[in-house]
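Walk through this structure one region at a time. Keep the coordinates open as you read.

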Amino acid sequence: MSGWTTHDGQAVALPLGDVDTDQIIPARFMSTPRAAGYGGFLFHDLRDGDADFPLDRHAGCSVLVAGPNFGCGSSREAAVYALVDAGIRVVVAESFADIFAGNAVNNGVLPARVAQTGEILEALRDGPLPALIDLTMARLTIGGTGYSFDLPQTWRDKLINGWDDIDLTRAHTAEIETFRNTRRARAPWAWPSTPEPGPNPAIHPQGERP
Amino acid sequence: MSRTMLDKLWSAHEVRRGADGASLLWVDRHLVHEGSHHAFAALDGRGAEVAEPGLTFGVVDHYAPTRGRDTVADPAIRDMIARLEGNAARHGITLFGLRDPRQGIVHVLGPEQGLTLPGLLVTCGDSHTSTHGALGALAFGIGATQVAHVLATQTIWQAKPRAMRIRIDGRLGPAVTAKDVALHWIAKLGTGGAAGHAVEYAGTAVRALSMEGRMTLCNLSIEGGARFGMVTPDQVTFDYVKGRPFAPGVAAFDAAQADWAALASDAGAVFDRDVQIDAADIAPTVTWGTSPDQAAPITATVPSATDPGVRDALDYMGLQPGVPLDGIPVDQVFLGSCTNARIEDLRAAATLLRGRRAKVPGIVSPGSMPVRAQAEAEGLDRVFTEAGLEWVGSGCSMCVGMNGDIVAPGKRCASSTNRNFRGRQGRGARTHLMSPVMVAAAAVTGTLTDARPLLEGRE
């Protein structure tokens with residue numbers, strides 16, 4: 001994944017709160033291999049039959065501005081694949097669901113938490129505006145007005161450098177090995193027992209009989 | 001220094017801490033399912049191996065057909081299952097496949113098989129992984145990139161959440177279940193209400209819950225925005241774990257239990273946020289909208305459409321403000337999912353259904369095949385089939401509709417599941433979330449209705 005420091009694009013408003021990942025990509029599309037492209041699945045059922053859907057009325061926007069708690073619900077990373085494949089690089093919202101925000105960063109998408117998102121949505125009411133995002137400064141400008149966004153340092157570093165966590169963690173392999181051995185000695189119960197061999201009898205789930 | 005259970009679980013798994021405070025955590029159990037195919041592809045793409053195949057377990061659930069399992073008709077579903085089978089075999093991972101008598105929904109199977117234990121860190125590429133916290137585990141849902149990371153390193157980078165305690169004290173009323181407790185607090189705090197927090201459920205009403213009830217409560221944490229839910233392990237937990245196939249054997253059990261008993265939050269532990277709920281304030285609850293926080297007691301009416309969000313939700317749901325919830329006709333019912341398809345859930349529904357006929361069609365999908373076998377041993381399957389409901393195999397089924405079990409457009413379903421999002425149960429489907437006994441009541445009357453009068457003389 002390649003990193004980025006600044007992004008220059010058009011911002012479009014999706015003035016909905018609690019946008020869940022089932023809306024971002026309905027579950028029925030998730031068996032598709034990634035190579036096939038997920039862009040066409042983005043907001044599929046919300047867009048279908050709604051010619052006025054913001055992303056269709058204003059094609060080519062790469063900055064999506066939405067209501068609070070964006071990306072709630074299912075942990076499906078496919079929601080981020082759909083955004084990426086449709087050309088979205090930045091989502092601006094007052095707040096994000098935790099799992100979604102992490103998934104976004106892992107795919108090079110900035111989840112920009114901006115307290116004044118309501119104001120931005122208002123400014124975008126009549127249509128898209130130019131947007132400029134600077135990760136180093138943690139600032140974004142939409143329609144000429146500047147805002148700060150909130151982003152943990154590690155996430156900023158990952159987006160800028162396009163870092164892959166597996167590579168980063170590999171540097172700590174020896175430390176992980178030591179941790180594992182200590183844990184195994186101190187908490188041997190944390191390793192699964194080997195079930196009794198033979199046919200697997202249906203185990204009786206607990207709970208009082210009626 | 002007094003510590004919360006979150007503090008104790010966190011430090012027991014912290015391999016190192018990064019410069020900005022994120023922790024590299026050791027993962028004790030990693031559960032994968034058909035949806036993990038993106039992560040295996042990422043692993044293969046870099047030529048990496050699974051670091052700890054002995055701590056990784058695969059389960060067929062999301063796409064599991066609930067009928068006709070011998071020959072899976074849909075090629076796309078067959079392919080998804082085959083991909084997991086192939087990945088598990090290639091990496092030496094134990095798989096609970098479609099024809100395994102232990103198969104079930106990952107969040108039912110893990111605790112049931114004794115894979116989930118108090119004090120463990122459990123990850124799975126599914127947001128309802130918070131379920132496992134009911135045993136006193138640190139359990140959370142992760143995305144595909146993180147699944148690949150856990151596969152490759154058996155660790156995960158995670159910023160520590162803030163600690164939140166939800167205390168529910170007092171006694172739950174008749175037909176008021178863990179599901180109602182969850183919908184109640186989520187309605188109160190909102191779907192993002194506990195975002196950034198790990199929720200510890202405490203109080204006398206929580207202590208009085210069975211393991212099944214605690215799992216339902218922790219399962220729904222994510223619907224209030226909390227990635228983690230947990231309950232202090234106690235004798236109920238220890239009794240539940242003991243003797244399960246993958247749990248510590250007799251020789252190791254006492255030492256394990258001593259460690260688990262030390263996990264409880266210290267007396268003076270300080271939480272970043274405390275919420276207090278009186279059990280007596282909770283009624284049988286149903287959702288009326290398209291988000292789990294859009295819920296109300298069954299005795300309430302559909303709220304007025306004061307803001308555009310509510311208006312859109314009511315429009316989608318085909319409901320008018322001011323109409324009593326009790327009496328709204330439903331087209332079908334669904335009893336299943338990782339939230340509410342354990343043996344206790346099936347027993348509760350059967351108590352109401354026994355000797356009655358359902359006015360609408362419905363499916364009952366047990367949380368696992370062992371739950372199914374147990375229910376059959378108790379004759380519950382006959383209660384459901386004699387009522388006119390369909391008794392099927394185990395899987396995620398109509399909760400997420402990925403296996404083809406869907407609700408038709410515009411149809412209204414009384415459902416024991418976790419999400420009433422638009423299109424969740426099928427395109428245009430209208431979902432009302434409620435407890436299993438309330439689903440049973442809806443089946444019998446063909447409407448949303450209060451289960452309490454129907455239970456009189458039955459418990």
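The model is predicted.

Start in chain B with strand β4(B), residues 56-59. In a regular strand the side chains alternate between the two faces of the sheet. Here B:T56 and B:G58 point one way, and B:F57 and B:V59 point the other way. All four of these residues are buried.

Strand β4(B) has a parallel partner in β3(B), residues 29-33, and four bridges join the two. Within this pairing, B:H30 has B:T56 as its bridge partner.

B:G58 has its bridge partner in β5(B), namely B:L95. From β4(B) the chain passes through helix α3(B), residues 75-91, to reach β5(B), and this crossover is right-handed.

Now turn to chain A. Strand β3(A), residues 90-93, runs parallel to β4(A), residues 110-113, with four bridges between them. A:A93 stands opposite A:R113. The path from β3(A) to β4(A) goes through helix α5(A), residues 98-105, in a right-handed β-α-β crossover.

Helix α8(B) spans residues 211-219 and is mostly covered, with nine of its nine residues buried. Among them are the charged-type side chains B:E212 and B:R214, along with B:M211, B:M215 and B:L217. Helix α12(B), residues 343-353, contains B:T351. Is B:T351 buried or exposed? Its relative accessible area is 19%, so B:T351 falls under the 20% cut-off and counts as buried. The B:T351 side chain reaches the backbone oxygen of B:R347 at 2.8 Å. An α-helix has 3.6 residues a turn, so residues three or four places apart point the same way.

The largest cavity has a volume of about 450 Å³. It is lined by 36 residues, and those closest to its centre are A:M30, B:H33, B:H62, B:G125 and B:D126. Several helices each supply at least two lining residues: α4(A), residues 78-85, and from chain B α2, α4 (106-112) and α5 (144-153). By class, the lining holds 15 nonpolar, 15 polar and six charged residues.

The second largest cavity holds about 90 Å³ of space. Its lining includes A:N69, A:C72 and A:D98 from chain A, and B:T191, B:I222 and B:R227 from chain B. This lining divides into five nonpolar, five polar and two charged residues.

Finish with the backbone. Most residues other than glycine have a negative phi, and most peptide bonds are trans. Which way does phi go at B:A175, positive or negative? B:A175 has a positive phi of about 65 degrees, although it is not a glycine. B:A175 is found in the loop between β9 (162-169) and α6 (178-189) of chain B. With a relative accessible area of 9%, B:A175 is buried. B:S337 also has a positive phi, near 90 degrees. B:S337 sits in the loop between β15 (332-335) and α12 of chain B. Its relative accessible area is 1%, so B:S337 is buried as well.

Definitions and conventions
Residues numbered from 1 in each chain as written. Chains lettered and ligands numbered in written order. Predicted model: local features only at pLDDT ≥ 70, side-chain atom pairs only at ≥ 80, totals over all residues. Heavy atoms only, no water. Buried < 20%, exposed > 50% of the residue type's maximum accessible area, 1.4 Å probe, protein only. Pairing = 2+ DSSP bridges. Right-handed = clockwise from strand over helix to strand, strands pointing away. 1 Å grid on protein atoms, 1.4 Å probe; cavity = no way out; pocket = protein on both sides within 12 Å on 5 of 7 lines; lining within 4 Å. Points joined across faces, edges and corners; volume = space filled by probe spheres on them. Polar contact = N/O pair within 3.5 Å; in protein donor to acceptor, adjacent residues only side chain to side chain.
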